[in-house]
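The sequence and structure are shown first.

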Number of protein chains: 2
Amino acid sequence: MSIDVGGHLKAVRTMYGLSQRELAKRAGVTNGTISLIEQNRVSPSVSSLKKVLDGVPMSLADFFALDLQESPQVFYSRDQLTEIGDREVSLKLVAAQRPNRAMSIMYERYRPKADTGSDMLSQQGEEGGIILKGHMELTVGGQSRVLGPGDAYYFARAVPHRFRNVGDEPCEIVSASTPPTV
Amino acid sequence: MSIDVGGHLKAVRTMYGLSQRELAKRAGVTNGTISLIEQNRVSPSVSSLKKVLDGVPMSLADFFALDLQESPQVFYSRDQLTEIGDREVSLKLVAAQRPNRAMSIMYERYRPKADTGSDMLSQQGEEGGIILKGHMELTVGGQSRVLGPGDAYYFARAVPHRFRNVGDEPCEIVSASTPPTV
DNA sequence: GGGTGCCGTCTATTATCCTAAACACACGAC
DNA sequence: GTCGTGTGTTTAGGATAATAGACGGCACCC
């Protein structure tokens, strides 16, 4: 067994401020079980691990998705955002260097007439955002629409999509997508 | 055990076009084990389930995260956003009615002195955002910091966190979180 | 009809996990 | 001091999972 289930569980438990006995009681197992698991002296069955996590509560998916190793960066000043745009479109990415993050969050700035080109598509995931300034024509699947400040969008990336700044001023958007593409 | 590990495994295995014996051989377990797991006659230990998934290969996190999705509305005008705030904090949610979406994207507006209260925590997921206007004190785990326009944050929700508008003007944020809490 | 090969299932045995209860240590109250 | 209550750890034994190998089914070929 390569993955450290025990350490993982201990981290989760202590993060919630629970003792082994408290967690055991909530989960309907014995404190000894928790102890043995945390020491990696046993590899719990999925059913018992689920019982334990139900006591937190936390899903199995989240449990195994947890990063754990260190405490990652939380705060990013505006000049710490990773910029990845070209001249037409500027993208400032939050938490770019964070491994295995679940989302990309970006501050996007489109010059007048900027255009992502016809019908981008990714295999998977979802994307959404809110327009802050300017006017953006968004085409998703068959549908097309011009969005202004305060308007928003949300779509599955498997559908072809295109962004085009149809205004005379720059268009600014905050967007999020999952899973992160960049 | 509420979750259907067996059916799940069978779906993964057949998706990869493997027989029980093939998968067993790759994984270093016996075909009987696969059979018993798929029938939910046993709840595999994490270690053996991991061995089995290594034969695919697939991570435990992905295994437990498997799901499906889809839905229609793409564009949301500003007054179509679902508002869910109280007097102190206004939250405008994109695609609120969309079932099984992967993220929540929100336009958040905090009145001066607005405070989410001490140490909220959700059991799961990640959250991030970008400050548009005003100044927000964000506390995550031990660390605390005041963020201004253009600054950003990103953290795992399992860590206790708190937002507090420390400025005299309203603070506006666009945030995203996954999985959606609301 | 008899082989051959691959499929998933089942059984008897062995290996591992889970429980209940004891154990050891630390800290505060009195 | 010695209770009382909190913590995590250990142990014996019963419960559960994993193994090796047998079993029956189905398709294909001779």
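## Composition of chain A

Chain A contains five helices and 10 strands. The model is a predicted one. Of the 182 residues in chain A, 47% are buried.

Among the contacts in chain A with a separation of 6 or more, 60% are made by residues 24 or more positions apart.

## Salt bridges in chain A

Over all chains, the structure holds 12 salt bridges. One of them joins the side chains of A:Arg13 and A:Glu38, at 2.6 Å from N to O. This pair links distant parts of the chain, with A:Arg13 in helix α1 (residues 5–15) of chain A and A:Glu38 in helix α3 (residues 31–38) of chain A, 25 residues apart. Both A:Arg13 and A:Glu38 are buried.

A salt bridge is also formed by the side chains of A:Arg162 and A:Asp115, with an N to O distance of 2.7 Å. A:Arg162 belongs to strand β9 (residues 161–165) of chain A, whereas A:Asp115 lies in the loop between β4 (104–110) and β5 (126–133) of chain A, so the pair ties together parts that are 47 residues apart in sequence. A:Arg162 has a relative accessible area of 25% and is therefore partly exposed. A:Asp115, at 29% relative accessibility, is likewise counted as partly exposed.

## Strands β6 and β9 of chain A

The side chains of A:Glu137 and A:Arg164 meet in a salt bridge of 2.9 Å, N to O. Here too the pair links distant parts of the chain: A:Glu137 is in strand β6 (residues 136–140) of chain A and A:Arg164 in strand β9 of chain A, 27 residues apart. With a relative accessibility of 17%, A:Glu137 counts as buried, because buried means under 20%. A:Arg164, at 30% relative accessibility, counts as partly exposed.

Salt bridges that share partners also join A:Arg109, A:Lys133 and A:Glu172 into one network.

## Helix packing in chain B

Two packed helices are described by the angle between their axes and the distance between the axes. In chain B, the axes of helix α2 (residues 20–27) and helix α3 (residues 31–38) come within 8 Å and cross at roughly 115°. The crossing of α2(B) past α3(B) is right-handed.

On the α2(B) side, the contact involves B:Gln20, B:Arg21, B:Leu23 and B:Ala24, which meet B:Asn31, B:Ile34, B:Ser35 and B:Glu38 of α3(B). By class, three of the residues in the contact of α2(B) with α3(B) are nonpolar, three are polar and two are charged.

B:Met15 is located in helix α1 (residues 5–15) of chain B.

## Cysteines

How many disulfides are there over all chains? The count comes to zero, on the rule that a disulfide is a pair of cysteine sulfur atoms within 2.5 Å.

In chain A, A:Cys171 has 0% relative accessibility and so counts as buried. In chain B, B:Cys171 is buried, with a relative accessible area of 0%.

How values were computed. Residues are numbered from 1 along each chain as its sequence is written. Chains are lettered from A and ligands numbered from 1 in the order in which they are written. This is a predicted model: local features need pLDDT of at least 70, side-chain atom pairs count only at pLDDT 80 or more; totals for chains, interfaces and linings use all residues. Side-chain values use heavy atoms; hydrogens and water are left out. Axes are lines fitted to C-alpha atoms, for helices over the stretch in contact, and angles run from 0 to 180 degrees between N-to-C directions. Helices (H or I, at least four residues) and strands (E, at least two) are DSSP runs, numbered from the N terminus. A crossing is left-handed if the near helix is turned anticlockwise from the far one by less than a right angle, and right-handed if clockwise. Contact means heavy atoms within 4.5 Å. Ala, Val, Leu, Ile, Met, Phe, Trp, Tyr, Cys and Pro count as nonpolar, Asp, Glu, Lys and Arg as charged, and the others, Gly among them, as polar. Buried means under 20% relative accessible area, exposed over 50%, partly exposed in between (1.4 Å probe, protein chains only). A salt bridge is a side-chain nitrogen of Lys or Arg within 4 Å of a carboxyl oxygen of Asp or Glu.
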